[in-house]
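I opened the notebook to record what I looked up in this structure. The entries follow in the order in which I checked them.

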Amino acid sequence: MKDRLQKVSQLQVLRNLLKFATNPIPIIDDTFIDFEDDSYRVNLGGMTKAIITKDPDFIKHILQKGARNYQKSILQTEHLATFIGKGLLTSNGEYWLKQRRLIQPGFHKKALDSFVEIMQVEVGRYVERLKKRVLSGEHEIIMLKEMSYLTLRIVSKALFSVGIDDDQIAQFGSKVDHLQEAIIQKVRQPFLAWWRKISGTDRKNSIIAQELYDLVTGIIQDRKSSKEQHGDILDMLLAARYEDNGEGMTDQQLLDECLVLFAAGYETTANALTWTFYLLDQHRDHQHKVLDEINKESIDPNDRLQTLMQYDYIRQVVSESMRLYPPVWMIDRIALEPDHFDGVNITTDEIVNAYVYGVHHDPKHWDNPYTFQPNRFAREKLKSIKAYTYFPFGGGPRLCIGQQFAMMELQLIVSRLLKDFSFTLNEDLPIQVVPSITLRAKSGIKMKVALRN
Ligand code: HEM
């Protein structure tokens, strides 16, 4: 069957190699315009055969309907796994399914309620800390740094509660950040592999990864020998038993799953929050609506989850923020066997990239796609949003396991911080977007912080 897709020439790939390494989004977008199509072929990094698509039906096909034929590509299963092991996020096939079944119950409603309690404690501590800083004269913050600190604490405490101290949390954060940067370089600049080897970069990265494993292994072993119960994710992972043999996970599996939940769980949320505070400052009318909502509700300690769900306008705001700035801006899969979809022949081992950012900004699906309009996500409109035109948490069997956790966290942090503080942009526009593993703001977004009266 004839294939309809156009292909980016190698000359063009070479010409754009450096630009692509810094920010691929404008190049990807321009190519869609040039080809006047929703999908095209390109050799990524000059080497890997790939399709990039912003066609929601094609995306539904690879993530959901035909998911059996599409696995995660080596970006996650090898590059990411080199550093954070073979956990839920980084594995494929039977093994992934087994792990997903084992871990999924740990994110059910009852568990979520206790996570919200952890979140409340950590946000409360952060608020007190920030108040002190403001009162002692500190008025400028880098939002991404602040939000990374907070979400890092939350995910660390949800995983290990009292088993992790402040110093370990900080070490975790810097090591994971370093390793993510290393992965991006590996993927975007495969032609510099020789240099990373001879310059000692590879060795340095392996040492940092080993330090990270030692840290987590130490925490797991302490918990095992103490036999204490804290109702956190680690307890759940230790207690989980496989259906077929009734056994628990090995130490290596425990380590891998902790690392994965940790790595997947904080940077994504920190970026979503940073963009949300930025957008709310740029759109004061919406910020006023959020404040009205916050002043109406207060969290009932007997049903935290239920009260949080009443923050419906904040839900709309964070949803819209993740439409404009999806933390995971591209999702990739690799074809196990040849496949055909709507005039496209997908060959074995070909990578299909679902371009989340592109779909979220496509005027075919969104009116004024670059405008911040939270009420696109008003309850009564949700049903009319076409499948896979909005998918910040992915879709199909590999939908983000932390989706509810993250939504609760976003709503809680936005409501709690805006109650006590105002944040105003303290740098010139435009803010530069950096698509790393997650979609970041280059400057981290400098903001002025003040106490609300
Ligand atoms: C705003 C915050 C978040 C966003 C935007 C987000 C986004 C995503 C996306 C798009 C995927 C699917 C990737 C793919 O299909 O290739 C994913 C998977 C995953 N996420 Fe999240 N995530 C967030 C927060 C969290 C949190 C808080 C946790 C854990 C506490 C978490 C844990 C995971 C795990 C373990 C997977 C792999 C699931 C599997 O393959 O079975 N995420 N996330």
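Entry 1, a strand pair. I began with glutamate 140, whose bridge partner in strand E12 is lysine 448. The model is predicted: I took local features only at pLDDT of at least 70 and side-chain atom pairs only at pLDDT 80 or more, while totals for chains, interfaces and linings use all residues. Residues are numbered from 1 along each chain as its sequence is written. I use helices and strands as DSSP runs numbered from the N terminus (helices H or I, at least four residues; strands E, at least two). Strand E12 covers residues 446-451 and is joined to E4 by three bridges, the two strands running antiparallel. I count two strands as paired if DSSP finds at least two bridges between them.

Entry 2, the sheet around that pair. I found an open sheet of three strands in the order E4-E12-E9, with antiparallel pairing. Strand E4 (140-142) and strand E9 (421-425) are at the edges with a single partner strand each, so one side of each has no neighbour in the sheet. On average, neighbouring strands of this sheet are turned by 40 degrees against each other, direction ignored. For angles, axes are lines fitted to C-alpha atoms, for helices over the stretch in contact, and values run from 0 to 180 degrees between N-to-C directions.

Contact here means that the C-beta atoms of two residues, placed from the backbone, lie within 7 Å. Helix H8 (residues 143-160) lies across E4 and E12 and runs at about 65 degrees to E4.

I looked up the axes of H8 and H13, which come within 8 Å and cross at roughly 145 degrees. The crossing of H8 and H13 is right-handed; a crossing is called right-handed if the near helix is turned clockwise from the far one by less than a right angle, and left-handed if anticlockwise. The residues of the contact of H8 with H13 are 14 nonpolar, six polar and one charged. In these classes Ala, Val, Leu, Ile, Met, Phe, Trp, Tyr, Cys and Pro are nonpolar, Asp, Glu, Lys and Arg are charged, and the others, Gly among them, are polar.

Which residues are closest to the ligand? I listed Gly265, Thr268, Gly394, Cys400 and Gly402 as the closest of the 24 residues that surround the ligand. A residue is near a molecule if its C-beta atom, placed from the backbone, lies within 6 Å of it. Helix H13 (251-282) and helix H19 (403-420) each supply at least two residues of the shell. H13 gives the largest share, seven residues. By class, the shell has 16 nonpolar, five polar and three charged residues.

I found an open sheet of five strands in the order E1-E2-E8-E5-E3, with mixed pairing. Strand E1 (39-44) and strand E3 (70-71) stand at its edges with a single partner strand each, so one side of each is left without a neighbour. E1 pairs with strand E2 (residues 48-53) over six bridges in the antiparallel sense, and leucine 44 stands opposite threonine 48 in E2. E2 and E8 run parallel and are joined by four bridges, with isoleucine 51 opposite valine 352 in E8. Helix H4 (residues 56-65) lies across E1, E2, E3, strand E5 (331-335) and strand E8 (351-354), at about 120 degrees to E8.

The domain assignment, which is automatic or from a database, gives domain 1 (1-71 + 329-376) and domain 2 (72-328 + 392-451). Their centres, taken over C-alpha atoms, are separated by 27 Å. I noted 25 residues of domain 1 in contact with 30 residues of domain 2.

Most residues other than glycine have a negative phi, and most peptide bonds are trans. I logged a cis peptide bond between leucine 429 and proline 430, with omega about -5 degrees; proline 430 is in the loop between E9 and strand E10 (433-435). Asparagine 368 has a positive phi of about 40 degrees and sits in the loop between H17 and helix H18 (379-382).
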